[in-house]
2 protein chains.
Amino acid sequence: VTQASQATLAVLGAGAWGTVLASLLARNGHAVRLWARRKQQAERINLERENQEYAPGLPLPATLVATADLRAAVRGAAAVVVAVPTQHVRSVAGALPDVPAFISACKGFEVGSFKRPSEILGAVQPRALLAALSGPNLAREIAAGLPAAATLAAQDAAFTERAQGWFWGEGFRVYRSADLTGVEVAGAFKNVIALAAGMSDGLGLGDNAKATLVTRGLAEMRRLAEHLGGHPATIYGLAGLGDLVATCSSRGSRNHTAGERVAAGATLQELSAERLTAEGIPTVRAVRDYALEHGLELPIAAEVYRVVYEEKPPLTALRDLMARAAGAEA
Amino acid sequence: VTQASQATLAVLGAGAWGTVLASLLARNGHAVRLWARRKQQAERINLERENQEYAPGLPLPATLVATADLRAAVRGAAAVVVAVPTQHVRSVAGALPDVPAFISACKGFEVGSFKRPSEILGAVQPRALLAALSGPNLAREIAAGLPAAATLAAQDAAFTERAQGWFWGEGFRVYRSADLTGVEVAGAFKNVIALAAGMSDGLGLGDNAKATLVTRGLAEMRRLAEHLGGHPATIYGLAGLGDLVATCSSRGSRNHTAGERVAAGATLQELSAERLTAEGIPTVRAVRDYALEHGLELPIAAEVYRVVYEEKPPLTALRDLMARAAGAEA
């Protein structure tokens with residue numbers, strides 16, 4: 001790893017993940033601007049040196065400055081880390097001046113276009129370098145100083161290496177990849193499987209059933225990734241399997257929790273009222289629409305879609321998945 | 001699945017897994033003889049229609065008869081399911097008359113020979129058909145009636161299909177495979193990774209660190225399996241990834257629990273005194289000896305070995321694993 005010299009970097013989105021990434025970069029000696037959507041939120045972060053709403057207890061270094069001004073946030077930045085919900089990426093990117101590089105920390109597909117976050121960013125700013133960061137990275141744990149590893153993927157090898165140096169630290173190891181497509185498909189699709197795993201846990205089906213879902217889910221993720229041009233090795237790495245396992249084992253992940261709530265009978269309206277906006281919910285709709293149109297068989301995604309959008313009982317959906325015809329496993 | 005006609009079947013080993021498998025087979029209408037090592041244990045099982053010591057709460061059908069007489073147990077059996085600790089397979093098999101077929105439900109390598117359970121059985125009885133059953137199968141959950149799936153592998157396709165029918169039921173789905181080597185290597189090696197995952201949990205390193213271990217562990221399992229002639233598809237299926245995820249997520253698995261105890265400073269002597277005989281402990285020794293001799297790089301197995309047998313501090317071992325050189329992940 002090339003230890004990077006001090007850079008100016010912007011992080012868009014002051015949720016848990018955006019705040020933790022901004023703090024990692026600031027601790028590594030970079031000047032970081034953290035964009036928060038609400039002015040009041042930015043002001044509180046600067047006053048309290050902490051994001052009490054989304055990352056309570058994580059002290060934010062003085063080299064991190066929050067702002068609600070998007071243009072001010074990205075001015076002079078060597079790269080812009082995007083950590084907003086996937087469905088907001090297009091509108092946020094559309095409001096930006098030209099920037100040299102984007103690093104997506106988003107995990108989802110855009111409903112309607114079925115675009116990955118870096119594709120949306122690349123469509124809005126065709127000259128920007130594009131990268132994505134993904135892995136088993138529960139924000140809460142990284143904020144607490146527990147060790148983690150992630151994959152950073154970009155098409156430009158020199159940029160990947162530079163960006164790796166920005167994030168690399170004692171407790172956060174970042175590995176390079178050239179498979180931007182695979183890394184983003186994995187990050188998006190794991191949220192769909194996490195919804196299913198949350199439903200299974202919510203219904204008390206146990207660790208055997210959940211491990212079966214994770215196994216079939218990874219095979220389904222691989223199928224989708226290969227169809228879109230991603231590599232199987234990525235699916236079996238930190239951004240695929242690693243992230244899937246962390247998200248499905250943790251009762252703290254949003255998508256897992258949303259699945260548990262759905263199993264308990266919560267409707268989309270209720271989840272929304274609870275501010276439980278899990279990326280898997282729009283993403284499963286985008287995936288299902290795409291799979292239908294292209295004749296792709298993605299049984300777990302299809303069942304999760306039916307439960308979330310068509311009120312199929314989750315127990316029936318999971319039973320239908322477990323009962324799929326016997327035969328050679330592969 | 002071909003629903004099997006009634007068969008006589010033997011299960012050797014009245015621990016949790018042997019008892020649960022015997023009960024599944026008996027419920028499917030087969031006449032089952034369950035061999036228990038101690039005569040008193042066999043008598044209690046027959047009297048109480050329950051194995052209170054290892055599978056409390058699981059009612060055992062009258063078609064299941066326990067015995068401490070090995071020859072009586074296997075007499076007339078169409079197949080013998082072996083569910084004893086891997087290090088006992090050779091001595092138990094050596095005491096048997098000729099039988100038509102073995103189905104191994106053991107997960108380990110023999111110390112000294114580095115043989116898989118089916119290899120040991122095949123060496124003792126060269127004319128017997130050989131199969132192995134493996135998957136995400138926490139015995140406690142199956143005993144409680146929760147759904148599970150497994151892989152049954154054998155070289156003989158007709159036998160695989162027949163044996164699949166014996167086990168197949170509403171709550172227990174069995175899928176066929178021809179990769180006996182891959183299925184057994186996966187089952188053995190996952191116990192080594194489960195020890196590492198238990199150590200990580202015991203030290204409170206979190207779900208990100210554990211997911212990273214599972215990811216690297218699966219890559220290491222694949223390397224070992226391919227070296228021994230197994231197929232990567234098996235490693236990514238129920239017997240590989242599925243079993244690994246179930247064992248590592250469950251605080252109820254023996255190997256995970258043994259890892260937690262080791263992290264808390266327990267020595268081999270203490271684990272043994274607690275009757276916490278986890279398959280991973282002899283297996284990691286067998287794997288490490290083999291890896292040394294054949295120049296195979298298996299870093300997780302090497303570190304687990306150092307912790308268990310050479311008293312390396314577990315935190316140092318896990319740190320050394322996390323800190324391995326950055327670079328392209330694959």
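In this predicted model, the largest nonpolar core holds 106 residues, and V304(A) and V304(B) are the members that touch the most others in it. Looking past neighbours within four places in sequence, V304(B) makes contact with V192(B), L195(B), A196(B), M199(B) and V284(B). Apart from this core lies another one, of 43 residues, with W17(B), V20(B), A26(B) and V32(B) among them. As a general background, nonpolar side chains in soluble globular proteins tend to be buried together.

Now let us turn to chain A as a whole. Its secondary structure comes to 16 helices and eight strands. The radius of gyration of chain A is 19 Å, close to the 20 Å from the globule rule for 330 residues, so chain A is as compact as a globular protein of that length. Here are some further values for the chain.

| Property of chain A | Value |
|---|---|
| Span of the C-alpha trace along its principal axes | about 55 × 40 × 35 Å |
| Share of the 330 residues that count as buried | 60% |
| Share of contacts with a separation of 6 or more that join residues 24 or more positions apart | 67% |

One helix pair is worth a visit in the viewer. Helix α9 (residues 206–227) and helix α15 (residues 299–310), both of chain A, pack at an angle of about 110°, and their axes are 8 Å apart. Because of that angle, α9(A) is roughly perpendicular to α15(A). On the α9(A) side, L213(A), R216(A), G217(A), E220(A) and R223(A) take part, meeting P299(A), I300(A) and A301(A) of α15(A). Sorted by class, this contact has four nonpolar, one polar and three charged residues.

Definitions and conventions. Residues numbered from 1 in each chain as written. Chains lettered and ligands numbered in written order. Predicted model: local features only at pLDDT ≥ 70, side-chain atom pairs only at ≥ 80, totals over all residues. Heavy atoms only, no water. Core = buried A, V, L, I, M, F, W, Y, C linked by side-chain atoms within 4.5 Å. Buried < 20%, exposed > 50% of the residue type's maximum accessible area, 1.4 Å probe, protein only. Contact = heavy atoms within 4.5 Å. Axes fitted to C-alpha atoms, helices over the stretch in contact; angles between N-to-C directions. Helix = DSSP H or I, 4+ residues; strand = E, 2+ residues; numbered from the N terminus. Parallel < 35°, antiparallel > 145°, perpendicular 65-115°, else oblique. Nonpolar A, V, L, I, M, F, W, Y, C, P; charged D, E, K, R; others polar. Rg over C-alpha atoms; globule rule 2.2 N^0.38 Å.
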